[in-house]
Amino acid sequence: MIKGLYEAHLPVRNLETSIEFYKKLNLEIAYQKEKLVFFWIEKGRSWLGLWETDKVETPYHPSLRHIAFQVDIEDIEVAKEWLEQKGIPIKTDFGFRPEKQPIVLPNNPNAHAAIYFQDPDGNSLELITPLRLDFEKDFEMMSLEDWNRKNN
């Protein structure tokens, strides 16, 4: 029955500022009206709604103000440079300096490579790709560079 996630929503302070930012991520506007815009993530399959609202003052928590965009492994490997070229700083919440990113998340029995950044309102954004699914093997969080060295 369920085929995927069609939409997600984030609060923003200024819709025009947010539109400029999300266009930098190469997302296409699907629909817009006053105080609301939808961007296609994958046209016809998923989109992101941005709402201009005072709810942007809600303190950040990943369960409330976080979106992860799936990318291919080839793209995650160049994500840091791609974001830097767009003037988008990389978050270092997990203690990994930007030069040691993307990171690999130990979500046993899965492993994902990810890189985190923020939109102008502090909403947490993530580029993520699966590296390994359904394989039990514990490991510590590490850089993708270290993962590739250990697993190739």
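**Close-up views of a predicted model**

View 1. Pro102 sits in the loop between H3 and strand E6 (103-107). Helices (H or I, at least four residues) and strands (E, at least two) are DSSP runs, numbered from the N terminus. Pro109 belongs to the loop between E6 and strand E7 (110-118). The model is predicted: local features need pLDDT of at least 70, side-chain atom pairs count only at pLDDT 80 or more, and totals for chains, interfaces and linings use all residues. Residues are numbered from 1 along each chain as its sequence is written, and side-chain values use heavy atoms, with hydrogens and water left out.

**View 2. Ser124 contacts His66.** Ser124 lies in strand E8 (residues 124-132). Ser124 is buried, with a relative accessible area of 1%. Buried means under 20% relative accessible area, exposed over 50%, partly exposed in between (1.4 Å probe, protein chains only).

**View 3. Lys35 has a positive phi.** Its phi is near 70°, in a residue other than glycine. Lys35 occupies the loop between strand E2 (28-33) and strand E3 (36-42). Lys35 is partly exposed, at 41% relative accessible area.

**View 4. Asp134 also has a positive phi.** Here phi is near 55°. Asp134 falls in the loop between E8 and strand E9 (142-143). Asp134 is exposed, at 67%.

Note on methods. A polar contact is a pair of N or O atoms within 3.5 Å; within protein, one must be able to donate a hydrogen and the other to accept it, and residues adjacent in sequence count only if both atoms are side-chain atoms.
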